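Here are my notes for you on this one. Have a look at the structure first, then read on.

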Amino acid sequence: MEYTAISLRRPIQIERIVSVHYFEYGPDFSFTGESHNFWEFVYVDKGEIIAIAGDKEHLVKKGQMIFHAPNEFHSLRATGTRPPSVVVVSFYCECPAMSFFEGRIAGAGDEERNLIASIVRQAGEAFSTPLDDLLVQQLERRENAPFGAEQLIGLALEELLLGMIRRGTQGKTPHPTSLIRERSQNDFWDRVQTYLENNVTRRLTLSDICRDNLVGRSYLQKVFREKTGGGAMEYFGNLKIQRAKELIREGGHNFTEIARMLGYTSIHYFSRHFKKVTKMTPSEYATSVKMLSRRGRGENV
């Protein structure tokens, strides 16, 4: 018997990326703008931004992403309220199917968010270039990077784009039982997330979270492992650090006040936890935010 292979159709192919960034801006950040001959998308992870695309101004909120086609002038600025955090990914792709993303602002669901997180995570492992450096013009490969990290970036990006096109051009009806189960878990996840965000200043225990949300410990941890890869208390600790970073960027409180506001027993414990999560001290983080703001305005640093 003789077999014949077929070449796979690949309507979206990513062979080259330019940059992967995760920026945490201050409330007054403003980027003067640029245009270039490759694609770029900006995903708002926290807060909201004003994005300029060509001659149009858009408000892009948490959980949304905006695409910029090649040679389109674009810029962004913070809204002056809550400090935003954004993911910026730029890449070359000349596939005709990319016309779907011209002028597009789209919401990101769990699937898209997980793929974006994978892109950022793999970029951190593949490249030594800091993800928060606005002036980076070329990525530098990390020595002893994990096997296949760069390819995983491309695969995650292709899956992200392909999935968005498919969901935007055709209906998809999940199995009713699976849909009910997924919605139930997502409703629970949203409820606990909101609970933890609303209580980020408290010294919660795992028992507190279970009691206040009427849930067993095993199910709570199962959902958190599926959604985050870690436990509920690790997630809650990271929420505290994210809020601490926002307060630092707002500039209205010193570190001792921030530690007290977030329920830490001492400034020393707060600083240790902050460095464990972010790999820098609160002072180093504050300095990096100031430098990023100055670079965004085109000032020499």
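The points below cover the ground rules, a strand and some salt bridges.

1. Ground rules. This is a predicted model, where local features need pLDDT of at least 70 and side-chain atom pairs count only at pLDDT 80 or more, while totals for chains, interfaces and linings use all residues. Residues are numbered from 1 along each chain as its sequence is written, and side-chain values use heavy atoms, with hydrogens and water left out.

2. Strand S3. Helices (H or I, at least four residues) and strands (E, at least two) are DSSP runs, numbered from the N terminus. Buried means under 20% relative accessible area, exposed over 50%, and partly exposed in between (1.4 Å probe, protein chains only). In S3 (residues 39-46), 7 of the 8 residues are buried, so the strand is largely enclosed by the rest of the structure. Strands pair if DSSP finds at least two bridges between them; S3 runs antiparallel to S8 (residues 85-92), with 7 bridges, and Val42 has Val88 as its bridge partner there.

3. A salt bridge is a side-chain nitrogen of Lys or Arg within 4 Å of a carboxyl oxygen of Asp or Glu, and the count comes to 15. Arg167 and Glu111 form one of them (3.6 Å, N to O). Arg167 sits in helix H2 and Glu111 in helix H1 (residues 110-126), so the pair ties together parts 56 residues apart in sequence.

4. Within helix H6. Arg243 and Glu246 meet in a salt bridge at 3.0 Å, N to O. Both lie in H6 (residues 232-250), 3 residues apart, about one turn of the helix. Glu246 is buried at 3%, whereas Arg243 is partly exposed at 26%.
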